[in-house]
Amino acid sequence: MNIRLYLWQRGTAALLAPLVLVHIAVIFYATRQGLSAADVLSRTHDSIVWASYYALFVAAVSIHASIGLRNILAEWSPLTPRAADWFAIMFGVLLAMLGARAIYAVVLA
Amino acid sequence: MSTGLIAHRGSVLWIAAMIHRLSGLGLAVFLPFHFLALGLAIDSNAKLESFLRWTDQPWVKLSESGLVFLLIVHLLGGLRVLVIENMDWRDGQKQLATLAAAAAAVVAFIFLVRVF
């Protein structure tokens, strides 16, 4: 891992830490009386706060996970470093797209 | 492989690093499906509701508590790495790593008890 990827990996980790803590709290809150679509969507629908929170989460996790995956592929798989790079980039883009779609679904749709 | 190269693999901190890596891999595999599930709300609330009722099955709840464990153990393991790299060295790293795994297991168990 070069220095640029290292800094992105650790920077997104530091950003994700408080976001994950909030997410865990939301998981426990949301499941206190069973999870329902109505409950979830009533919290998130048209909420700029939740949209911003999840947008930050999706952006950070897409970068963090794709760099982590790249490291694992480079060290554990027979892929060449270049192939591992491309696989990780595609995974990161896929995560970002699916994450953006999920935010649209629970906030705007 | 010579025993000299794999002797460290019994170390608590090597196991902690491996758990951190594997928990991250598990979360990376899960995330696309998590996003796809939330995306069901694009079509209709009923589709998301139908999926959530499917998750009421005991084995799904058990799997969810496993994911909570992965999330927390990865969070705490990552915080340990950030602290080691950015602050003065502190003794007791093995105890901290064990504590992180134990805390994750306790929170995952509490989650499991609450959802059943």
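## A loop residue in chain A

D46(A) is placed in the loop between α2 and α3 of chain A, in a model that is predicted. Although D46(A) is not a glycine, its phi is positive, at about 65°. D46(A) counts as exposed, because 9 C-beta neighbours lie inside 10 Å of it and a residue with 12 or fewer falls in that class.

## Packing of α1 and α3 in chain A

Two packed helices are described by the angle between their axes and the distance between the axes. For α1(A) and α3(A), the angle is about 135° and the axes are 9 Å apart, and the two helices are therefore oblique to each other, since an angle has to be over 145 degrees to count as roughly antiparallel. The crossing in which α1(A) passes α3(A) is left-handed.

On the side of α1(A), the residues that meet α3(A) are L5(A), W8(A), Q9(A), T12(A), A13(A), L15(A), L16(A) and L19(A); on the side of α3(A), they are L56(A), F57(A), A60(A), V61(A), I63(A), H64(A), I67(A) and G68(A).

## The chain A to chain B contact

Chain A gives 29 residues to the contact between the chains, and chain B gives 26 residues. On the side of chain A that touches chain B, two or more residues come from each of α1 (3-30), α2 (37-44), α3 (48-76) and α4 (81-108), and the largest share, nine residues, belongs to α4(A). That side of chain A divides into 23 nonpolar residues, four polar and two charged.

## How α4(A) meets α2(B)

Across the two chains, α4(A) packs with helix α2 (residues 12-39) of chain B at an angle of about 25°, the axes being 8 Å apart. The two helices are therefore roughly parallel to each other, as angles under 35 degrees are counted in that way. Here, too, the crossing is left-handed, with α4(A) passing α2(B).

From α4(A), the residues that make this contact are L94(A), L95(A), L98(A), G99(A), R101(A), A102(A), A105(A) and V106(A), while α2(B) supplies L31(B), P32(B), F35(B), L36(B), L38(B) and G39(B). Taken together, the residues of the contact between α4(A) and α2(B) divide into 11 nonpolar, two polar and one charged.

## Chain B as a whole

The secondary structure of chain B consists of five helices and zero strands, so that its elements, read from the N terminus, run α-α-α-α-α. The radius of gyration of chain B is 18 Å, whereas a compact globule of 116 residues would have one near 13 Å, and along the principal axes the C-alpha atoms of the chain fill a box of roughly 55 × 30 × 30 Å.

Of the 116 residues in chain B, 26% are buried. When contacts in chain B between residues at least 6 apart in sequence are considered, 82% of them join residues that are at least 24 apart.

## S63 in chain B

S63(B) belongs to helix α4 (residues 58-86) of chain B. It counts as partly exposed because it has 13 C-beta neighbours inside 10 Å, a number that lies between the limits of 12 or fewer for exposed and 20 or more for buried. S63(B) and L112(B) are 49 residues apart in sequence, and their C-alpha atoms are 9.4 Å apart in space.

Definitions and conventions: Residues are numbered from 1 along each chain as its sequence is written. Chains are lettered from A and ligands numbered from 1 in the order in which they are written. This is a predicted model: local features need pLDDT of at least 70, side-chain atom pairs count only at pLDDT 80 or more; totals for chains, interfaces and linings use all residues. Helices (H or I, at least four residues) and strands (E, at least two) are DSSP runs, numbered from the N terminus. The radius of gyration is taken over C-alpha atoms; the globule rule is 2.2 Å times the number of residues to the power 0.38. Two residues are in contact if their C-beta atoms, placed from the backbone, lie within 7 Å. Ala, Val, Leu, Ile, Met, Phe, Trp, Tyr, Cys and Pro count as nonpolar, Asp, Glu, Lys and Arg as charged, and the others, Gly among them, as polar. Axes are lines fitted to C-alpha atoms, for helices over the stretch in contact, and angles run from 0 to 180 degrees between N-to-C directions. Angles under 35 degrees count as roughly parallel, over 145 as roughly antiparallel, 65 to 115 as roughly perpendicular and the rest as oblique. A crossing is left-handed if the near helix is turned anticlockwise from the far one by less than a right angle, and right-handed if clockwise.
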